[in-house]
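This report considers selected features of a single protein model. Please examine the sequence and the coordinates shown below before reading on.

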Amino acid sequence: MNSFGQHLKKFLVENVRDYAMFVALIAIMIVFEVLSGGTFLSPDNITNLINQTGYLAVLSIGVTLVIVIRHIDLSIGFLSGFLGAVAANLMMFYHFNAFTAILVVLLLGALAGLLNGSMVAYLGIPSFIATLAGWMAYRGALLLATRGMGTIIIKNETFNAIGNGYIPDIPGLENFLPGYHKLTLLLGIVAIIAIIYSSISGRRRQIQRGIEPIPFDMFILEMIFITAGLFYITLKIAAYNGISWTLLIVLGVTMIYYFITERTVLGRHIYAVGGNPEAAQLSGINVKKIILIVFTSMGMLAGLSGILFASRLKSATTTAGTMFELYAIAGAYIGGVSAAGGVGKVVNSLIGAFVMQTLQNGMLLLGVDVSLQYIILGVVLAIAVIFDVATRSRVH
């Protein structure tokens, strides 16, 4: 076997947890594209798929950190639905503007998360029980918030644009590359350049610190894989209406949480608590404070999820939030988070959420029976957990 083959085998073995879901996503998309006769990867369906994933993606990112510190949050689904209904009530019955309603909802979400975290950290209540109580309470609160009407129609155009609108294009360039959203193309190219620059800079820092980086040929292969995928998605959404406000929000949340988890002391403490809470406590980390921060963050993201979902539907319904928590948790596990704690990346959980939504979107497109859809999603989740156990045992 030549050096490239050896490097590739070693790279895949060492990074199997990080790249398995990318391979799975590509395989799933190819299968649906073939079975749908070319409809699945059309620009309008890809854009629709991305927008459908928004509310689930932010939940998956938040619950990843909850699982990393060895806890769970079952309340996030109906908390999301309830807070979306709160936003609808504030705007339609109390005449709040969209921005004020959003701020109130995010604050209420953070307070709900703080309550969960306090019960877990200071009262010693298992997170499963504490958040199950929240699941029941927010389900009832959602029914109260919708006032028995079943649906509250949201007529605030600013709010509805969050889930249905797109960023404006560059004016005066209508005749240049007609049929493509020019600002989306520009932002995609800038993102590719930024990723390449950041990756090269990171590799240089590793060398300067005496850390052995991945082989150069594997580094080039990784850059080709990432940039080709990003450029393909950029072309697809640019051929429709461009970048949606939902996508912009999800990318912003991902970047913020990526920075927190990868580049800050708080991030290192979160993973330390997840890896070994007792050792983290002995080393001077305030474990209870970390639990509070993570659950508060989760509550705020549940509020954001409720905003994205209500905005996309242009309404608040009594069924909003149903199964959200299970899909978000499934997305996190498919993205590689470990039930044992201490392992999980927010970017991978974003991809995991996209895998979940891709499966649902593709099966709906093909007209798969609902009963079979649940069975397939259950099998995929089981495979993800088995994969987690298998890779952990290999590492240890």
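Is Ile189 buried, partly exposed or exposed? The model is predicted, and in it Ile189 has a relative accessible area of 43%. Buried residues fall under 20% and exposed ones over 50%, with partly exposed in between; Ile189 is therefore partly exposed.

Ile189 lies in helix α8 and belongs to a nonpolar patch on the surface. Two or more residues each come from α8 (182-208) and α9 (216-238).

## Packing of α4 and α5

Two packed helices are described by the angle between their axes and the distance between the axes. For helix α4 (residues 76-92) and helix α5 (residues 98-121), the angle is about 150° and the axes are 9 Å apart. Angles over 145 degrees count as roughly antiparallel, and α4 and α5 are therefore described as roughly antiparallel to each other. The crossing of these helices, α4 and α5, is right-handed.

## The enclosed helix α14

Helix α14 (residues 324-334) has eleven residues, of which ten are buried, so this helix is largely enclosed by the rest of the structure. The buried residues of α14 are Phe324, Glu325, Tyr327, Ala328, Ile329, Ala330, Gly331, Ala332, Tyr333 and Ile334.

After α14 comes Gly336, which has a positive phi near 105°.

Key. Residues are numbered from 1 along each chain as its sequence is written. This is a predicted model: local features need pLDDT of at least 70, side-chain atom pairs count only at pLDDT 80 or more; totals for chains, interfaces and linings use all residues. Side-chain values use heavy atoms; hydrogens and water are left out. Patches are made of residues with over 30% relative accessible area and no salt bridge: like charges are joined within 9 Å, nonpolar side chains (Val, Leu, Ile, Met, Phe, Trp, Tyr) within 5 Å. Accessible areas come from the Shrake-Rupley method with a 1.4 Å probe; for residues, only the protein chains shown count as cover. A salt bridge is a side-chain nitrogen of Lys or Arg within 4 Å of a carboxyl oxygen of Asp or Glu. Helices (H or I, at least four residues) and strands (E, at least two) are DSSP runs, numbered from the N terminus. Buried means under 20% relative accessible area, exposed over 50%, partly exposed in between (1.4 Å probe, protein chains only). Axes are lines fitted to C-alpha atoms, for helices over the stretch in contact, and angles run from 0 to 180 degrees between N-to-C directions. Angles under 35 degrees count as roughly parallel, over 145 as roughly antiparallel, 65 to 115 as roughly perpendicular and the rest as oblique. A crossing is left-handed if the near helix is turned anticlockwise from the far one by less than a right angle, and right-handed if clockwise.
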